[in-house]
Structure formats: C-alpha cells, structure tokens
Amino acid sequence: MRNRFNTAAIIIALSAVALLNIGTSKAFETKTTAKKVTFSKDVAPIIYKSCAECHRAGEAAPMSLLSYKDVRPWAKAIREKIVKREMPHWDADPNFGKFSNDARLTQAQIDTIVSWIDQGAPEGNPKDTPPVPKFTEGWAIGKPDLILSMKDEFTLEASGPDEYQYFEIPTGFTEDKYIQAVEARPGNRKIVHHIIAFIKAPQKENPNRPKFTREEMAKLRAEAEKASIQYQDGFLRRTKADAPGYNDGCSIPQDEYRKRRVQGGEGGDANNNWLVGYAPGNVVQPWEPGTVKKIPAGSSVIFQIHYSKVAGEVQKDRSSVGMIFAKGPAKKEVYMSGVSNPFMKLEPNKDNQRVSACWTADRDIHIISLTPHMHVRGTAQRIEAIFPDGKSQILLNVPTYSFAWQTTYLLTEPMQIPKGTKFLVTSVFDNSSKNKYNPAPDKAVRWGDPTYDEMMIGFIEYTVDSQTLNKPAKAAAAVSGSPTGQ
Ligand code: HEC
C-alpha cells in the first residue's frame, strides 16, 4: 500500500512537473514570437540616443521626438525611414574608417522599433521611460564662454540669386587665446545654407614693404585679377569659363597655382585661418583636452555666409559663433587643409566625371576629422593616403554623397600620418539630366561659390605632432560675454 501510494504520489508529482513544463515552455514560446515592446522600455532609449540630438525644438529636423506624444504620430514615417536606413543619415562606407559620430542603428535596434510599431506602438508604463537627455539649449559644444554675433540683423531680399555675404566681428582679445571648442550657429535656418568662420589676425606692419599710392594699388589689384583663373561676380567668386581646365588636380604644375593666384591643391595647408563651419547635418564636438585652436590677440572673426533665398519672402538673419576656452595647458594646435581643385571643368550632359586633388603633408601629423564638400552634381568622394613607403589606405569612402547633408566624419581615434604622405581626394560628378538636382545639364560647369557652380574639396582636420605650445591657458572667466551683445 505504502509503495503503491508512493508510486501514485510519484506519478502525480511527475505529471505535475510535466504540466508545469508544458506551461512554462508555452509561456516562453508566446514571449518570443510576440515579445511585448513598449515605447517607455525599449524604444525611447534608442530614440534618445540616436535621434533626439536633431529631433528637438530649434534643431535641423522638422519635428521633435522627445516624448511618446511626439513620437506616436510619426510611427509610420519612422518605420519607413529606419528600414530604408535613411535615418539617421549616414553616407560613409562602413568598410573604411571608424567614426565617433556614426549614428547608424544596429539591425537589432531597427527590429525593436519595427516590432513596436507592428504591435500598435503602445506606450507601456510611463514610469519606465528614461529621463529625456539634457541638451544645452542651442549649443552642441555646451555653454560657450564667448558668443560672437553679427552686429546687426541682415536682411535678405525675396528674389534673385544666392548671396555670399561677409561680416567682420572683432574678438576684443588683448592676448592670444586658446580655444577647446567652437561652433557656428545660423540665426535663420531657412536661408543660411552654410557659414564658414575665419580668423583674421592683425597684420604685422612690415617697414620694408613698398608704399603704394591708391592708384598704384588699384592697378596691381586689376593685374592680379587678370592673371587669376577666378573673378568676382557680384558677391560670388567663380572660376572663369575660359580658364584652363584640369580634372586631374594632382598633375597640375604647382606653378600654375601661384601664377593663377588661387589656393588649392598643395596650397591647401595655407588654410590655417579656418575657424569653424556650419552646414545642415554637421556635428561639432570639443577637441581632446590639450588640442586647441589659437586665436591671436587683436583678431577678428570673419563670417562667410551663403544665403539661399525663400521665393516671395524677405528674411532676416543674425548668426553667431560660440567658443569655449581651453582650461588646461595647450599641447597641440588644430589645422585644416582644404584639398581642392579649382581648375575643375565638367563636360555638359555627362555623368561619372572624375576630379582629383592632392596634398602632401610636410610634417608628421594626426588626422582628427574628414569632410567631403561638393555641390549638387557631386555624387561620391574618396579620401586616400599614400604613405612614403608606397602603401596606401582609404581613409573615407562616401559612395552616395548628398549635398543636403554636409557631414563631418570625426575619427574615433586620431590617425598618425608620417611626413611625406600624399592625400589623394577623388570626387565623382554627374552633370547629366539623370541627376535630378542638376539645374543645367547642358552647360559646362566650373568651380564657384554659388550652388549652380561646382566645388570639390576634401577637408582634412589635423594636429601637428612636433608642436609644444605648452602655454597654460588662463582662466576662461577673464573674457566672457560678447563685445557685440547676446
Ligand atoms: C543629424 C540630425 C538627425 C538625426 C540624428 C536624425 N534625424 Fe531624422 N531628420 C533630420 C532632418 C534634417 C530631417 C528633414 C530632412 C529629411 O527628411 O531628410 C529629418 C527627417 C526625418 C523624418 C521624416 C520627417 C518627414 O517630414 O517626413 C523621420 C521620420 C525621421 N527624420 C526620423 C528619425 C529617426 C527615427 C531618427 C533616429 C533613429 C532620426 N530621424 C535621426 C535630422 C536628423
């Protein structure tokens, strides 16, 4: 009896275990086929990390994505954009280079958002939502120590061609300053296509410089304009239609640059008056501690602003540059080389036209970022390093360049480059009618400021290894606020 009872008990116990097993495996199964995905727990962390930076008030994107309420109406559009990998936008080929601002979603993140939308995009428990990320209002670099703004609001008329306008803003610096971060911000995103801010250091008086009368100066200037391949067309600088055309910029005799009075090619290194650029989709970050940009005492900052008009609407703009002073000792200065080919000439009605430019580093350097720049006919760009031992490496490959997104590719680790390394920048252009952005496929196209002309630049931002600035930067509090208000 005892035995039988025991056996029965064992059987009952076993069946209970079996039942339990069925129960758990069933529960497990339903969980995997339709894991409940909620905004609060699963989706918000992805959106806050990869989208919110642009999708918030006052930034480049058309709508804010900071809460369930914000995101829910956009669920369908979000699904489409992330499945097609159009958002976050990223043009670089993942096989070359590692970039810290690479915002592409992983397949797992895409799957999570897609199954959330397929389940009706539920909110879940609002208590699970992570805190909304903190952004410094307006400035990606953090609160600037100094903001330099255009003195007056600029008024842009409602019709006519694009305009390049220049504004000079004094820094008020009475001593050399070292900055850790700098950012340009458009006042009116509807019309500001881009901003490039340059440093204009005070000119040293050269007592040996011959003195010219006003008439002599004008004559010299006119002669220089005649020799140059470029001319001034209203607000715009353009290459002359009949200037010699070279698409293989690396084979242009260097003399030609001097004779023709243009910067570019090997002359790229002359660009150290570059301060910062802004264009839609561009991301700026402070440099590593110790890596700085020097602004000499008495300098001004020149804004070059490319304005595009809004048909039928008079618009106003007052743009700014914000900077953060270096707090620790300054070790390395940042330089920008714009490797470009202003001699380029595109044939009409032809796609797949290649244009190249070269620059050789004359010192040991570390590259920190790369920025391709072309206008609307640009379709691809590759930046390659050819080392002194003959080996070469592709640093950046952008197979689908998009003019609307002027991305700066920030290297995850600064890359060491020995003196004598040649950089080869190759761009591809489509000047055919297949290119839907092409305003005039029947015309030959030269270099120029307006978007209906072309440009071809590979910007290489770097530090110089041998530098020992070592000047401890003074406390930032010494200069604060802006001489021009704000
Ligand atoms: C670097 C800035 C930036 C980031 C990061 C970014 N976006 Fe965008 N987004 C934009 C801009 C600018 C537009 C408008 C231009 C366009 O549609 O290409 C846009 C447009 C969109 C649109 C289309 C809106 C419409 O009017 O139809 C959707 C949807 C979208 N983004 C979703 C996302 C999602 C989801 C993420 C993150 C996974 C994200 N974006 C990350 C800048 C950004």
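Student: How do the residues of the shell around the ligand divide into nonpolar, polar and charged?

Tutor: This is a predicted model, where local features need pLDDT of at least 70, side-chain atom pairs count only at pLDDT 80 or more, and totals for chains, interfaces and linings use all residues. Residues are numbered from 1 along each chain as its sequence is written, and side-chain values use heavy atoms, without hydrogens and water. Ala, Val, Leu, Ile, Met, Phe, Trp, Tyr, Cys and Pro count as nonpolar, Asp, Glu, Lys and Arg as charged, and the others, Gly among them, as polar. The shell holds 14 nonpolar, 2 polar and 1 charged.

Student: Which helix gives the most to the shell around the ligand?

Tutor: Helices are DSSP runs of H or I with at least four residues, strands are runs of E with at least two, and both are numbered from the N terminus. The one to pick spans residues 75–83 and gives 4 residues. It is helix α4.

Student: How far is a nitrogen atom of the ligand from an N or O atom in the side chain of H55?

Tutor: H55 is among the residues that come nearest to the ligand, along with S50, C51, C54 and M87. A polar contact is a pair of N or O atoms within 3.5 Å; within protein, one must be able to donate a hydrogen and the other to accept it, and residues adjacent in sequence count only if both atoms are side-chain atoms. For the ligand nitrogen and the H55 side chain, the distance is 2.7 Å.

Student: K293 is buried yet has no salt bridge, so which backbone oxygens does its side chain reach?

Tutor: Buried means under 20% relative accessible area, exposed over 50%, partly exposed in between (1.4 Å probe, protein chains only). A salt bridge needs a side-chain nitrogen of Lys or Arg within 4 Å of a carboxyl oxygen of Asp or Glu, but for K293 the nearest side chain of opposite charge, E333, is 6.0 Å away. The K293 side chain has backbone oxygens at 3.0 Å instead: those of W274 and V334.

Student: Why does S369 count as buried?

Tutor: S369 lies in strand β16. Its side chain makes a polar contact with the side chain of E461 at 2.7 Å. S369 counts as buried because its relative accessibility is 1%.

How values were computed: Near = heavy atom within 4 Å. Lys, Arg positive; Asp, Glu negative; His and termini not counted.
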